[in-house]
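Grab a pencil and keep the 3D view open beside you. Try each task yourself before you read its solution.

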Amino acid sequence: MWQRAGTWAVALAFGLVALAVFPAATFAAEPPWFLDPASEQAGRVARLFNIELLVAILVFLIVEGLIVYVVIRYRQRGPDDPVPEQIHGSTAMELTWTIGTSVALLFVLVVFWQTMTTLAAPPADAEALQVVVRGKQWWWEFEYPEYGFRTANELYIPVGQPVEFVTESDNVIHSFWVPRLSGKVDVVPGQQNRIWFQADEPGEYFGQCAELCGVQHAGMRFKVFALPPEKFAQWVKEQQQPAAEPVTDLAKFGKELFFTKGCAGCHAIAGTQAQGRIGPDLTHFASRTTVAAVLPRTDGNVARWVYNSESVKPGNIMWQTMKNVPLSPEEVDALVAYLQGLK
Ligand code: CUA
């Protein structure tokens, strides 16, 4: 008898500790956390999550509570304890759990539907900025059709204006996700998906591919910079300029190498012959904060990427050609000087 009670007490203690520790560990995560929304759209996603979590907790407590109650109340206390009265086929109970479940699911469906329809398209009267999002292996291309340029791994948006994203992929399925600004949308080959959001506060936000897409899935991240409208307009103007001409001899040599070593076959630089579309557009490479989305854009890191990109992002496409293109240390320096001058 006492041994059994002890077992129950231990099981109960474990259950309570698990219930207490699991949410604490989950919710202690630092932002970028989708429950710390910075836009109305992300706020709706967070609200939907919280409502569904509450419903799930409620169902869990009712079901588990009943199980624990029945197990304790109707356990066999001794060898002569009779089998409890059987109530198989109780109409009242079957009605209760059928109707109860239906009501709970219907409630979740309504809230879900409301959220999805609000997030499907920007308000008709708002003038949304369009950005084409292309998932690559493994980086992001952002094209601004009305402004006529492309950038990579860093997305700039104006604060206070809806931005509509049209997603495309020419390889595998990715998922475009800025946890603090929006829900996820799948980036599917041969199909255009759409999502929109509006940043309310200027700031830098973290973005991440949210669909397993190959060995560098985790490295397929990006930054979102939300700027006040005047600063955004300024940024657009700068991005529309053709690339800066190299000034130093080293950088001029680097520009030559860019063409003789084959870089121009994959990369585009506006104002030059380089029109490649396989890799990121490098016209304003030096206006970005990172190289390959995962390293700060220092001379050393750019050199590391140019010389041995495999050591930075194993499996990347550039390495498949560049491993066959020997570069001397001087040549690497020259290429770095040229790229770092592309403000
Ligand atoms: Cu792209 Cu994961």
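Predicted model: local features only at pLDDT ≥ 70, side-chain atom pairs only at ≥ 80, totals over all residues.

Residues are numbered from 1 along each chain as its sequence is written, and side-chain values use heavy atoms, with hydrogens and water left out.

**Exercise 1. Work out which strands join strand 1, and in which direction they run.**

Step 1: Find the strand. Strands are DSSP runs of E with at least two residues, helices are runs of H or I with at least four, and both are numbered from the N terminus. Strand 1 covers residues 129-135.

Step 2: Look for partners. Two strands pair if DSSP finds at least two bridges between them. Strand 5 (residues 163-169) runs parallel to strand 1, with seven bridges joining them; Arg-134, for instance, has Glu-168 as its bridge partner in strand 5.

Step 3: Check strand 2 (residues 140-144). It is antiparallel to strand 1, and four bridges join the two. Gly-135 is bridged to Trp-140, and the two strands make a hairpin with four residues between them.

Step 4: Ask how enclosed strand 1 is. Buried means under 20% relative accessible area, exposed over 50%, and partly exposed in between (1.4 Å probe, protein chains only). Six of the seven residues of strand 1 are buried, so the rest of the structure largely encloses it.

**Exercise 2. Describe how helix 2 (residues 40-73) and helix 3 (residues 91-120) cross.**

Step 1: Compare the axes, which are lines fitted to C-alpha atoms, for helices over the stretch in contact, with angles from 0 to 180 degrees between N-to-C directions. The two axes come within 10 Å and cross at roughly 170°.

Step 2: Name the arrangement. Angles under 35 degrees count as roughly parallel, over 145 as roughly antiparallel, 65 to 115 as roughly perpendicular and the rest as oblique. Helix 2 and helix 3 are therefore roughly antiparallel.

Step 3: List who touches whom (contact means heavy atoms within 4.5 Å). Among the contact residues are Leu-48 and Ile-51 of helix 2, and Val-111 and Phe-112 of helix 3.
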